[in-house]
Amino acid sequence: MNHPVLIIDKAKLRHNAEVVLKMCREANIEVCAVTKAFCAHPEIAETLIEAGINCLADSRIQNLKKLRRLPITKMLLRIPMLSEVEEVVRYAQISLNSELKTVEALSAAALKTGKKHGIIIMIELGDLREGILPGEAVEFAGKVLGLPGVQLLGVGVNLNCHGGIIPDRKNLGQLVSVAGEIEAEYGIRLQTISGGNSGSFYLVRDHQMPPGINQLRLGEVILLGRETSFQQKIDGLYTDVFTFQAEIVELKEKPSVPYGEMGRDSFGLRPGFQDKGVIKRAIAACGKQDILWNQLTPHQQGIDLIGASSDHLLLDVTHAGRDYTVGDTVDFSLSYGALLAAFTSEYVYKYCI
Ligand SMILES: *Cc1c(COP(=O)(O)O)cnc(C)c1O
């Protein structure tokens with residue numbers, strides 16, 4: 001097998017998606033599965049669809065374009081750029097929005113295609129990333145309702161991101177109230193109240209989701225088997241859908257502290273080292289261009305990550321529970337960020353089993 005490689009266990013992924021879907025269905029919540037962490041790799045997306053997912057969501061239009069042949073609903077997660085509205089209406093049926101100027105441009109672009117584009121208005125509820133203030137929602141919704149090329153589907157929120165704010169019954173309850181105000185003002189029924197990402201999943205698990213929330217946009221919990229708010233593993237889900245594997249290209253006993261006059265490392269930083277005497281150092285052929293090296297966890301007990309440059313990962317294998325030789329591979333599990341980086345690197349092979 002070529003290395004470095006990201007190995008994807010499709011059966012485990014499918015299981016995770018099925019369990020998450022079932023838990024959400026019991027709470028009357030629709031799941032939009034988020035594909036950005038795996039760059040919308042089509043084979044992985046198809047596995048999610050086989051599990052019963054019927055909405056895929058991504059931040060990048062290039063990724064949604066890869067999914068264009070799949071006969072399911074696609075949602076753009078990042079607030080659209082004015083420069084991409086034509087592609088947005090072509091490759092996504094729904095987008096999350098907070099700027100009227102952009103919704104107007106989406107409406108104009110959609111009119112040309114003859115198909116209405118669905119709009120979810122994002123509401124700011126504490127995390128301070130995207131969204132309009134709750135007090136402005138009724139007026140904003142009225143303007144969206146007046147645009148002929150778009151359909152107002154509902155409201156949504158994103159938490160756990162910039163501010164690390166945890167979704168709870170209070171802020172998600174507020175989202176439901178905002179939806180209620182819009183419905184009352186215009187005498188309409190909103191079909192979607194989108195209550196966030198994997199950070200909101202603990203409320204589903206604990207049967208605490210405020211009534212009215214009827215959609216979640218979920219990546220991490222399906223992919224890594226973990227919710228984001230408290231970093232807890234979800235019972236019944238696999239946490240090892242993905243394995244990163246790198247190959248050892250050098251293995252030698254050398255000191256643990258560099259010698260000579262010390263300047264900066266390859267990334268312009270001043271490195272610091274702990275003296276552990278002579279250690280068994282392995283170089284694995286991957287680096288910062290491929291992965292978030294310090295968010296990898298070796299499967300083998302006793303391996304320490306020493307450092308990385310753009311294309312070398314240095315490992316202390318002195319106390320590893322097995323003897324390595326050149327050509328051996330080392331397996332790692334990945335954080336969400338490391339997964340994102342590995343999928344994004346074209347130098348990392350992707351292998352589905
Ligand atoms: C990335 C993203 C998600 C999914 O986040 P996970 O933590 O992977 O569940 C949901 N909504 C928006 C707007 C996002 O950008």
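Modeller: Start with Val 34, whose bridge partner in β3 is Ala 57. This is a predicted model, so read every position as a prediction. Val 34 belongs to strand β2, residues 30-34. Two bridges join β2 to β3, and the two strands run parallel.

Now look along β3 itself, residues 55-58. Its side chains point two ways. Cys 55 and Ala 57 point one way, while Leu 56 and Asp 58 point the other way. All four are buried.

Turn next to strand β4, residues 73-76. β3 pairs with β4 too, in the parallel sense, over four bridges. Here Asp 58 stands opposite Leu 76 in β4.

Between β2 and β3 comes helix α2, residues 42-50, and the three make a right-handed β-α-β unit. β3, helix α3 (residues 61-66) and β4 make a right-handed β-α-β unit as well.

Stay with α2 for a moment. Its buried residues are Ile 44, Ala 45, Thr 47 and Leu 48. Seen down the axis of α2, they fall within an arc of 155 degrees, so they line one face of the helix. After α2 comes Gly 52, with a positive phi near 115 degrees.

Back to β3, then. It is paired with β2 through two bridges and with β4 through four. Its residues Cys 55, Leu 56, Ala 57 and Asp 58 are all buried.

Note on methods: Residues numbered from 1 in each chain as written. Predicted model: local features only at pLDDT ≥ 70, side-chain atom pairs only at ≥ 80, totals over all residues. Heavy atoms only, no water. Buried < 20%, exposed > 50% of the residue type's maximum accessible area, 1.4 Å probe, protein only. Pairing = 2+ DSSP bridges. Right-handed = clockwise from strand over helix to strand, strands pointing away. Arc of directions from axis to C-beta.
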